[in-house]
Amino acid sequence: MAPTPTRYALLSLPLSTFDTSDKQEALDSLKATVASDSGTVLPYPVPNFKIGTLDALVQQADDLAKLDTACQGVVTKVGDALRTLYEGNDDKASEQKMVNDKPTDQYLRTFSWNKVRYRADRPVGELVDILQKELATVDNDVKGKFNQYNQVKSNLAVLQRKQTGNLATKSLTPIVNPSLLVQDSEYLETHLIAVPTNLKKDYLKSYETLSPMVVPRSSIQVAQDDEFILFAVTTFKKHSAEFQQKCREQKWTPRQYKYVEGGREEEQKELDRVGREEKKTWGEALRLTRTGWSESVMVWAHVMALRIFVESVLRYGLPLEFVSALVRTNPKSVKKVKTALDSSYSYLGGNAFGRDKKGRITKDDAALTSEMAAAGFGHGGEGNEYTAYVYYEFDL
């Protein structure tokens with residue numbers, strides 16, 4: 001039975017909501033709001049970054065929303081690449097999904113800002129640029145190596161088909177005895193024709209009259225498999241092209257073949273060489289894709305931390321007093337999580353939220369809600385739904 005997929009909700013709330021300046025106390029209150037069977041509330045610590053102008057923050061919120069989407073795209077592509085390398089085996093692919101040598105879920109559950117790699121005293125705009133460049137590098141590296149692997153894999157498949165296909169497609173080097181061929185003749189040429197087994201009689205009746213100057217009774221059966229019979233037949237060279245074209249019209253397949261001494265050994269050497277190259281490239285692709293997963297998830301986690309910060313400043317203002325948290329849940333329970341949060345904190349939305357006679361949350365001011373969503377504040381889990389607090393969902 002497949003494990004229940006994980007969904008995460010990332011949110012922030014002003015400390016004033018909890019009547020405390022202690023973030024741990026605020027987190028404890030938040031944990032009491034979300035039922036334990038619906039989700040697990042975990043800290044998602046965000047540093048206090050350098051704040052620029054209001055216009056800059058609004059622009060950064062927009063840039064981070066776009067970068068968030070780009071991160072999701074890269075992480076998805078890298079995950080797909082891992083699955084492809086393991087031929088669709090999700091369990092084996094999941095074993096490779098480590099971030100900083102931790103399982104992905106553990107990394108998110110214990111997230112802390114990497115102050116060595118992304119100095120928190122840098123302006124937000126600089127950090128966004130750094131993360132954007134790192135994401136692009138990961139995307140290009142994984143894409144390049146994965147394309148290389150696919151090319152080598154394709155080359156190997158072609159060579160293997162030549163060894164294992166039918167007589168219309170496979171290599172004829174190990175099949176054709178060179179003594180059957182007319183060689184070094186100025187006028188004559190031997191053709192190898194793959195004829196479907198059900199057309200054998202038609203071939204034997206008509207091959208001599210298919211084109212001018214076919215050598216009578218020159219057809220020799222060379223080999224046979226379940227689908228085709230391979231014949232060798234001799235014609236004068238000046239009518240070779242016409243003979244081959246007439247064969248195609250009869251649904252017989254002319255095979256291109258030229259005897260090369262030692263060709264059989266060379267073909268096997270090439271197959272072995274490409275087989276070794278495929279294994280080597282697979283290992284390189286796996287290592288780089290595994291690193292790509294770690295790097296892209298790490299970039300995404302930091303982008304989300306920055307996004308929480310910027311949206312919290314825009315939403316709650318100064319001083320910087322808010323608590324940020326990660327709720328680990330699943331697609332079925334996330335609605336219960338959101339409902340519980342809305343029940344406790346919807347009043348933060350002011351006129352954007354109200355309640356009907358039964359106490360259910362309603363949006364009284366649709367125009368205000370639309371304007372706030374358009375401004376980029378508090379995206380919900382679906383579309384651009386406005387929420388009374390900073391909140392968004394993601395799957396990983």
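**Notes on the predicted model**

1. Let's start with a charge and a ring. R307 lies over the face of Y392, at 4.4 Å from the ring centre. Keep in mind as you look at this pair that the whole model is predicted. There is a second case to find: the charged end of K23 sits over the ring of F322, and here the distance to the ring centre is 5.7 Å.

2. Which residues share an aromatic cluster with F322? They are F49, W113, Y118 and F309, and together with F322 they form one cluster.

3. Now the wider view. The protein chain has 10 helices and 12 strands. Of its 396 residues, 45% are buried. Take the contacts between residues at least 6 apart in sequence: 75% of them join residues at least 24 apart.

4. Y203 belongs to helix α6 (residues 200-206), while W252 is in the loop between α7 (240-249) and β8 (253-255), so the pair ties together parts that are 49 residues apart in sequence. Are these two residues buried or exposed? Y203 counts as buried because its relative accessibility is 0%. W252 has a relative accessible area of 2%, so this residue is buried as well.

5. Another aromatic pair is made by Y389 and Y391. This one is edge-to-face too, with the ring centres 6.0 Å apart and 90 degrees between the planes. Y389, at 0% relative accessibility, counts as buried. Y391 is buried, with a relative accessible area of 0%.

6. Next, have a look at two helices. Helix α1 (residues 23-33) packs against helix α9 (residues 334-345) at an angle of about 120 degrees, and their axes are 9 Å apart. What do we call that arrangement? On the α1 side the contact is made by S29, L30 and T33, and on the α9 side by A340, L341, S344 and Y345. Sorted by class, that contact has 4 nonpolar residues, 3 polar ones and no charged ones.

7. You'll find L172 in the loop between α5 (124-164) and β5 (188-196). Its relative accessibility is 3%, so L172 counts as buried. Who touches L172, leaving aside neighbours within four places in sequence? The answer is L167, L192, L230, R255 and Y257. Also try drawing a line from L172 to K258: they are 86 residues apart in sequence, yet their C-alpha atoms are 9.3 Å apart in space.

8. At 24% relative accessibility, D225 counts as partly exposed. Leaving aside neighbours within four places in sequence, its contacts are N166, L167 and T197. The C-alpha atoms of D225 and T197 are 8.5 Å apart, and the two residues are 28 apart along the chain.

9. Finally, some backbone details to check. M213 is not a glycine, yet has a positive phi of about 60 degrees. M213 is in the loop between α6 and β6 (220-224) and, at 36% relative accessibility, counts as partly exposed. K251 also has a positive phi without being a glycine, with a value near 70 degrees. K251 is in the loop between α7 and β8 and is exposed, with a relative accessible area of 64%.

10. P319 is in the loop between α8 (263-316) and β9 (322-329).

Methods: Residues are numbered from 1 along each chain as its sequence is written. This is a predicted model: local features need pLDDT of at least 70, side-chain atom pairs count only at pLDDT 80 or more; totals for chains, interfaces and linings use all residues. Side-chain values use heavy atoms; hydrogens and water are left out. Axes are lines fitted to C-alpha atoms, for helices over the stretch in contact, and angles run from 0 to 180 degrees between N-to-C directions. Helices (H or I, at least four residues) and strands (E, at least two) are DSSP runs, numbered from the N terminus. Contact means heavy atoms within 4.5 Å. Ala, Val, Leu, Ile, Met, Phe, Trp, Tyr, Cys and Pro count as nonpolar, Asp, Glu, Lys and Arg as charged, and the others, Gly among them, as polar. Buried means under 20% relative accessible area, exposed over 50%, partly exposed in between (1.4 Å probe, protein chains only). Rings of Phe, Tyr and Trp (its six-membered ring) pair if their centres lie within 6.5 Å; planes under 30 degrees apart count as stacked, over 60 as edge-to-face and the rest as tilted. A charge sits over a ring if NZ of Lys or CZ of Arg is within 6 Å of the ring centre and within 35 degrees of the ring normal.
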